Structures are given as structure tokens and as C-alpha cells.
Amino acid sequence: MRSPWLNKLSVILGPRPPTSWLLLCFVSVLALIAVFGSSSSNSFDSVTSTVVPEIYTNYRRLKERAAVDYFELRTLSLGASRQRELGICGKERENYVPCYNVTANLLSGFKDGEEFDRHCEVSRQRNRCLVRPPKDYKIPLHWPAGRDVIWSGNVKITKDQFLSSGSMTKRMMLLEENQIAFHSEDGLIFDGVKDYSRQIAEMMGLGSDSEFFQAGVRTVLDIGCGFGSFGAHLVSLELMALCVAAYEATGSQVQLALERGLPALIGNFITRQLPYPSLSFDMVHCAQCGIVWDKKEGIFLLEVDRLLKPGGYFVLTSPASKPHGSATGTKKGNMLTPLEQFTEKICWSLIAQQDETFIWQKTADSHCYSSRKQNGVPLCKEGHDAPYYQALMPCITGTSSKRWIPIQNKSSSTHLSSAELEVHGKSQSRRFL
């Protein structure tokens, strides 16, 4: 016996439903299956697959996300079964840097520049807290835009400090409202660093600074890097430029460089070596970096010699080194004469001099040291090459190292030469960039 519902349906459609109606019902069922199957599949994928981070283009959402991440860091695990919440540090620790506490260093008797050096035994803090960002801190712009434009509130520098800077890599920058711009809209660099870089290349006998790489200059240590403009330009030439500068509570050169996305490190070799192994850099650069190089019997130059690879260059730009009279004159200033005398003792050659810039080249021949006069600087004994915050050594290191490879012997390609591979215990059969 047929149900009343089927009787009503047969009255509407007739005893036999049309074929077109059956086909329509079949297509509708398939569509419903596809819709529900897709939604369930997406739900499953969202649980099992790796979440792809959303690319935020809205600055406000970026700032909110950073704030959430920051407060989530307040809870840190101290063990498998217990947690404790860290508090926020007071405003007085806004510029806190571990092992750098000028006030505590002065009270401990450090002076003559040593108060700005690293002293972990003095500034050790027992209370742990999270250092808060500056009040007006903003998320840095993405690279490469962030290399040329930074937020002035992030680096704690006032307009007066900005305009009073006398460093060649600091002056003539553009300060507008809450931003510091290092390029104009047409891409020009305000402080003439491109011309300066090209001048250095020409003094080295190169056609332009684009030939640094072919000449073996790949790694550059920029001492007292200012706003980091020279390093930023070298990065555009595919060179590795590292900034190192002394600790500063506000307007820090290191902070400025890091804000631009450039590698930088706090370092002040008043009494200790910089934390790099010997023979690490192809060029060491100092443009008005504030170091009196002939002080303490040339021990600062010995530290540069330790860091330089054989055949590497030391570039010094300083008005104090400018000779009296014309730029091509032979009479030197009071600062240059002791420098020339000392650099001869450590087998450096003054290869070029133009205006306020001087370029020395370290010898590529390790036998030069044994052929010197008896009053030359002695060679360090083996075992004096520990690079991490050791006392400055009044001797020459690295001459017997297997890493003594002149930079001119480097391969002109992006691959390491066979000699460089052997230093790192690798064979020529494997290629490394």
C-alpha cells in the first residue's frame, strides 16, 4: 500500500516522473556532495598541514601582531613542570645591554675608555625581566626599503644629535617628521658615499668599486660606522660589511646599523681584542672613527693587523692625518709620521694617499717578518690566537697559520678556491659557495 506522501507526489508529477526531472535531481545531489566534501577537506587540511603565515600589508595589523608576540614572551618555561611569569623591566633599563654598564664600571675603577668596554663581572644582573621597547617604537620597514628609511623613534636620536654629527657617513642625511631617510626619491645617497667608495677603489688601482670582489675584497670591517651608509653601499655590491662600534646609551651606531638590517656588533678594543679570529677580513675601514692609532705604542694597529688577511687593506680617513699643503705633498702631519714608522715595522705598505684618505696594504709574504730589523715588533708565540675578549697583544699573530692565504689568490668566482677548501678540510670534489 502506497503512503499518502507518494500519492500526492504522483498526483503532481504523474505516475512516471519526467527524465529531465530525474537528471536535475542527480546533478543537484552531486553538487551538494562536492560542496560538503570540499569544506570538510579544507577543515582537515587546516589541522594537518603547515600553516602558511599570512602576509600582512597593513601596518596596524603588523603592530598588533608584534604586541601580542611580545606579551607572550612574558611566560617562559624554567623546567618541565613549573613556569613563572617574568615582569617588565623599568624604564631605566630601556637601553640595557648585558655586560655594559658605564656607571658600575666607573665605580669599579675603570677609566681612560675602559668604562665603555665589556665587563660582565661588574654588571651582572640577578633580577630577570623583559626589556620593554621604546615608547614610540614601530615595526621596521621590510628590506630593502628598511635599509634606506628607518623610524627615528626606534634609535633614540634627537634632531640636534642628528644635525650635530660630524662623521662623513652621518652628515647630510634627511630627517623628516618621524623618519630618517638615507636616499632621496631619485635614489641618490646624500652623504656622497658612492663617490667615496669609488675613490677608494681608484686609489687601490681598480677601475671602480664594482671590482672590489674581483680584487679579493669580500669581507669588510667598518670601525665606527656612523649611520652605516658605507656598509649599506658595500652590501649593494654583494660584499659582506660588518659594523663594529663602542657602546653608546643613546644614538648608538650599532643600533642604527641593525635598524637598517646591517650586521653590527658592540666592540671597543681599548684593552681587549675584538671577538673575531685572526685573518678574518679583507679590508678594515675607519672614517673618523675616533681612534688615535699611534697611541699605546701602536697596539691598536696590531689588532687591525691580526684581523686582516694577507694582502688586505687598511683604509683610514681622518682630518688629523691630512698632510699640510697640497694633497700630493710629501710633508705629513704630526699623526701620520708615527703611523708610517710603525707600519713599516709590521710589513705594511702605504700604497695610496689622497686628501684625507690613506690606504695601507698588509704584506702577503710571511717571510717579511723574519727579514726585518731587530727592533721590529715580535711575533706572538703559538697559542695566543684565542679571539674572544682576550687582552690586546703587543705582537704579530697568524704568520704560521694554515689560513695565511693572500686575498689576491682567491678565486674570482663565487666558489672557494682549492687552497681555501683545504683550509676548511674540504676537497675540490665538493663545491661550496
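## Terms and basis of the model

A residue is called buried when its relative accessible area is under 20%, exposed when it is over 50%, and partly exposed in between, with a 1.4 Å probe and protein chains only. Helices (H or I, at least four residues) and strands (E, at least two) are DSSP runs, numbered from the N terminus.

The model is predicted: local features need pLDDT of at least 70, side-chain atom pairs count only at pLDDT 80 or more, and totals for chains, interfaces and linings use all residues. Residues are numbered from 1 along each chain as its sequence is written, and side-chain values use heavy atoms, with hydrogens and water left out.

## Overall composition

The protein contains 12 helices and 12 strands. Of its 433 residues, 39% count as buried. Among contacts (heavy atoms within 4.5 Å) with a separation of 6 or more, 64% are between residues 24 or more positions apart.

## The seven-stranded sheet

Strands of a sheet pair through backbone hydrogen bonds, either parallel or antiparallel. Here, two strands are said to pair if DSSP finds at least two bridges between them. Seven strands form an open sheet with mixed pairing, in the order β8-β7-β6-β9-β10-β12-β11. Because β8 (264-266) and β11 (348-354) stand at the edges with a single partner strand each, one side of each has no neighbour in the sheet. On average, neighbouring strands of this sheet are turned by 20° against each other, direction ignored.

## Strand β12 and its partners

How many of the six residues of β12 are buried? Five of them are, so the strand is largely enclosed by the rest of the structure. β12 runs antiparallel to β10, and five bridges join the two; V315 stands opposite I359 in β12.

β12 also runs antiparallel to β11, with six bridges between them, and L350 stands opposite W360 in β12. β11 and β12 form a hairpin with two residues between them. In that turn, D355 has a positive phi of about 55°.

## Helices across the sheet

Angles between axes run from 0 to 180 degrees between N-to-C directions; the axes are lines fitted to C-alpha atoms, for helices over the stretch in contact. Helix α8 (residues 229-236) lies across β6 (219-223), β7 and β9 (281-287), and runs at about 170° to β6.

Helix α10 (residues 299-307) lies across β6, β9, β10 (308-317), β11 and β12 (357-362). Its angle to β10 is about 135°.
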